[in-house]
Amino acid sequence: MRPLIWVSKSMAKLAASLTEMGHPISADTVRKELVKLGFSRQSNRKAEEGSKHPDRNAQFEHINAKVIAAQARHQPVISVDTKKKELIGNFKNGGTDYRPKGNPQRVNVHDFEDKRLGKVVPYGVYDVTANAGFVSVGITSDTAEFAVQSIRCWLDRMGRQRYPNAAELTITADCGGSNGARVRLWKIELQKLADETGLVIHVCHYPPGTSKWNKIEHRLFCHITQNWRGRPLTDRLAVVELIGATTTKTGLTVESALDTRSYQKGIKVSKAEMKRLNIAGDQFHPEWNYSIKPRQPSKS
């Protein structure tokens, strides 16, 4: 016998198989009987997150307490992450938009990357308290250097003006990608940022497999996706403009800028460099929660 699940067949094939087994039936009757039995056509649902860390909820509580405490001190709290890379060119974009009837947007049949236009990498910084976002649109690689540069741009363009008396910065991020908890370059670049700005940087990572709980995912990125649904991202400027035009009824505002720098992949960080960091882990899961303080300038 073929290893086929019954309901993966079409109604006609199910009817034919049942008829061969001595149960004459039409395809229409098969459909009606399946409905009576409680079956319906359903798509896959993303729900399985894999194994759950035993301290998953405790880490959520820890992050919440850190954020509330920082907000009470009127210190900035940001949620950061990379949105998925986007093809630039006349390519299909998910979703639908209103157009004259019978006149859909015509796009390329194949999604082969345009060698001239390439892709863009949107890295987002979401100000949790102010409900405002900044998205840096990179044109090369999603690296830790690019991630921290995006935070630096947010600080220069929006953060300093909104928090003129800031002495610290709290960052919530997921556990993987360019801002992952185990990425050495991420910590090296954050140390540089702390040295430049004089800010004490507190970082809290969400447990593995829980990145969707990071505020930026459902407070910023989902609205950007809705804003450009059904529209080909024909050039880099279109991406920046569509991101910058994103608003919500709750008052979300977004700024965006193109980052044309070239970021090198595969930069190695030695143990000696890591030892020079002014970093201290929290008592609770120091691999997820840590603070980076500015280093004292060396005496000449």
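The following dialogue explains how to read several features of this predicted model.

Me: Which conventions apply to the numbering and to the side-chain values?

Reply: Residues are numbered from 1 along each chain as its sequence is written, and side-chain values use heavy atoms, with hydrogens and water left out. The model is predicted: local features need pLDDT of at least 70 and side-chain atom pairs count only at pLDDT 80 or more, while totals for chains, interfaces and linings use all residues.

Me: How many aromatic pairs are there?

Reply: A pair of aromatic rings is described by the distance of the centres and the angle of the planes. Rings of Phe, Tyr and Trp (its six-membered ring) pair if their centres lie within 6.5 Å; planes under 30 degrees apart count as stacked, over 60 as edge-to-face and the rest as tilted. By this rule there are 4 aromatic pairs. In one of them, Phe60 and Tyr206, the ring centres are 5.9 Å apart and the planes stand at 55°, so the pair is tilted.

Me: Where in the chain do Phe60 and Tyr206 lie?

Reply: Helices (H or I, at least four residues) and strands (E, at least two) are DSSP runs, numbered from the N terminus. Phe60 belongs to helix 3 (residues 56–72), and Tyr206 to the loop between strand 6 (200–205) and helix 6 (215–227), so the pair ties together parts that are 146 residues apart in sequence. Ring pairs also join Phe60, Tyr206 and Trp213 in a cluster.

Me: Is Tyr206 buried or exposed?

Reply: Buried means under 20% relative accessible area, exposed over 50%, and partly exposed in between (1.4 Å probe, protein chains only). Tyr206 has a relative accessible area of 7%, and is therefore buried. Another aromatic pair is formed by Tyr123 and Phe146; this one is edge-to-face, with 6.0 Å from centre to centre and 70° between the planes. The pair links distant parts of the chain, as Tyr123 is in strand 3 (residues 119–127) and Phe146 is in helix 4 (residues 144–162), 23 residues apart. Both Tyr123 and Phe146 are buried.

Me: Which ring has the charged end of Lys187 over it?

Reply: A charge sits over a ring if NZ of Lys or CZ of Arg is within 6 Å of the ring centre and within 35 degrees of the ring normal. The ring is that of Tyr290, and the charged end of Lys187 sits 4.8 Å from its centre.

Me: How many salt bridges does the structure hold?

Reply: Side chains of opposite charge can pair when their charged atoms come close. A salt bridge is a side-chain nitrogen of Lys or Arg within 4 Å of a carboxyl oxygen of Asp or Glu. The structure holds 14 of them. Asp28 and Lys32 form one, with 3.5 Å between the closest N and O atoms. These two residues are 4 apart in helix 2 (residues 27–36), so about one helical turn separates them. Asp28 is partly exposed at 39% relative accessibility, and Lys32 is partly exposed at 43%. Asp28, Arg31 and Lys32 are linked in a network of salt bridges.

Me: Which salt bridges link distant parts of the chain?

Reply: Among them is the bridge between Arg162 and Asp127, at 3.0 Å from N to O. Here Arg162 in helix 4 is linked to Asp127 in strand 3, 35 residues apart. Arg162 is partly exposed at 33% relative accessibility, whereas Asp127 is buried at 0%. Arg152 and Glu196 also meet in a salt bridge, at 2.9 Å from N to O. Arg152 is in helix 4 and Glu196 in helix 5 (residues 184–197), 44 residues apart. Arg152 counts as buried, with 14% relative accessibility, but Glu196 counts as exposed, with 54%.

Me: At what angle do helix 1 and helix 2 pack?

Reply: Axes are lines fitted to C-alpha atoms, for helices over the stretch in contact, and angles run from 0 to 180 degrees between N-to-C directions. Helix 1 (residues 11–20) packs against helix 2 at about 100°, the axes being 8 Å apart. Angles under 35 degrees count as roughly parallel, over 145 as roughly antiparallel, 65 to 115 as roughly perpendicular and the rest as oblique. The two helices are therefore roughly perpendicular to each other. Contact means heavy atoms within 4.5 Å; residues of helix 1 including Leu14 and Leu18 meet residues of helix 2 including Val30 and Leu34.
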